[in-house]
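Open the model in your viewer and keep the selection tool ready. This tour goes stop by stop.

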Amino acid sequence: MNKEFLNNQLKELGVNVDEVVIDRLCFLEENLLNWNKNVNLTAITDSNEIATKHFADSLSVLPYAEFEEGASVIDVGCGAGFPSLPLLISRPDLKVTFLDSIGKKLNFIEDTINKLELQGTIIHDRAEIIGKDEEYRESFDYAVTRAVAPLNVLAEYCLPLVKVGGMYISMKGAEDEVELGENAINTLGGKIERVVSFKLPNGDKRNLIMIKKISQTPTGYPRKAKKIDTRPL
């Protein structure tokens with residue numbers, strides 16, 4: 001990976017990192033592509049596209065989220081670790097939890113954080129299950145997703161995991177989903193605080209939907225996955 005190109009991509013988004021972070025992101029690319037030969041982790045294999053669409057996109061949240069020192073962050077449906085791996089690399093003080101139902105992708109994440117000597121928690125489970133578990137329910141300062149599911153669906157998977165006073169950050173594409181997600185967010189104890197719209201350096205449009213958790217999620221949520229997906233709030 002061209003380090004100067006990567007650094008410039010980040011700076012265009014207002015993300016300033018040191019040389020150690022750049023080096024670790026370059027290792028992440030190398031490890032991602034090595035694993036991708038045997039495990040389907042990403043369709044993006046061009047180095048510059050990885051820099052923009054995986055790394056810069058993942059870290060675009062940093063100027064707006066204002067993660068407190070040592071904050072707990074869960075990446076729900078983390079896949080191959082975006083945005084969570086770049087976040088942990090850039091902010092190793094964060095207590096990052098990687099949640100996914102696909103073990104092979106979590107194995108890649110575990111291998112990467114071990115080789116980088118970083119600390120993270122890996123959970124091989126589903127959000128609607130741990131959202132009912134007292135150990136995890138309403139225990140995180142932040143939940144983040146960079147997922148393609150509609151906002152009203154994502155909200156039911158994520159808000160039950162966020163503590164009152166915390167925040168769920170939905171990283172979306174160009175589509176405006178505020179109206180679609182509003183009823184679900186209100187029902188689950190959240191409130192849309194703001195929506196940040198911007199473009200990646202390649203021109204792709206992005207929206208960060210910042211949702212504050214203002215009250216406890218009612219005990220009936222999250223529902224089973226089939227109901228969430230077929231009868232969203």
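**Stop 1: two helices in contact**

Select Lys3, Leu6, Asn7 and Leu10 in α1, then Ile22, Asp23, Leu25 and Cys26 in α2: these residues meet. Contact means heavy atoms within 4.5 Å. By class, this contact of α1 with α2 has 5 nonpolar, 1 polar and 2 charged residues. Ala, Val, Leu, Ile, Met, Phe, Trp, Tyr, Cys and Pro count as nonpolar, Asp, Glu, Lys and Arg as charged, and the others, Gly among them, as polar.

A word on the model. It is predicted: local features need pLDDT of at least 70, side-chain atom pairs count only at pLDDT 80 or more, and totals for chains, interfaces and linings use all residues. Residues are numbered from 1 along each chain as its sequence is written, and side-chain values use heavy atoms, with hydrogens and water left out.

Now show both helices whole. Helix α1 covers residues 3–12 and helix α2 residues 19–36. Helices (H or I, at least four residues) and strands (E, at least two) are DSSP runs, numbered from the N terminus. At what angle do α1 and α2 pack? The angle is about 110°, and their axes are 10 Å apart. Axes are lines fitted to C-alpha atoms, for helices over the stretch in contact, and angles run from 0 to 180 degrees between N-to-C directions. α1 and α2 are therefore roughly perpendicular (65 to 115 degrees).

**Stop 2: aromatic pairs**

The whole structure holds 4 aromatic pairs. Ring centres of Phe, Tyr or Trp (its six-membered ring) must lie within 6.5 Å; planes under 30 degrees apart count as stacked, over 60 as edge-to-face and the rest as tilted.

Select tryptophan 35 and phenylalanine 108. Their ring centres are 5.8 Å apart and their planes at 65°, so this pair is edge-to-face. Tryptophan 35 sits in α2 and phenylalanine 108 in α6 (residues 103–115), so the pair ties together parts 73 residues apart in sequence. Tryptophan 35 is partly exposed at 24% relative accessibility, while phenylalanine 108 is buried at 0%. Buried means under 20% relative accessible area, exposed over 50%, partly exposed in between (1.4 Å probe, protein chains only).

Next, select phenylalanine 67 and tyrosine 142. Here the centres are 4.7 Å apart and the planes at 75°, so the pair is edge-to-face. Phenylalanine 67 is buried at 7%; tyrosine 142 is buried at 6%.

**Stop 3: a loop residue**

Finish at asparagine 16, in the loop between α1 and α2. Is asparagine 16 buried or exposed? Asparagine 16 is exposed, at 62% relative accessibility.

Key. Angles under 35 degrees count as roughly parallel, over 145 as roughly antiparallel, 65 to 115 as roughly perpendicular and the rest as oblique.
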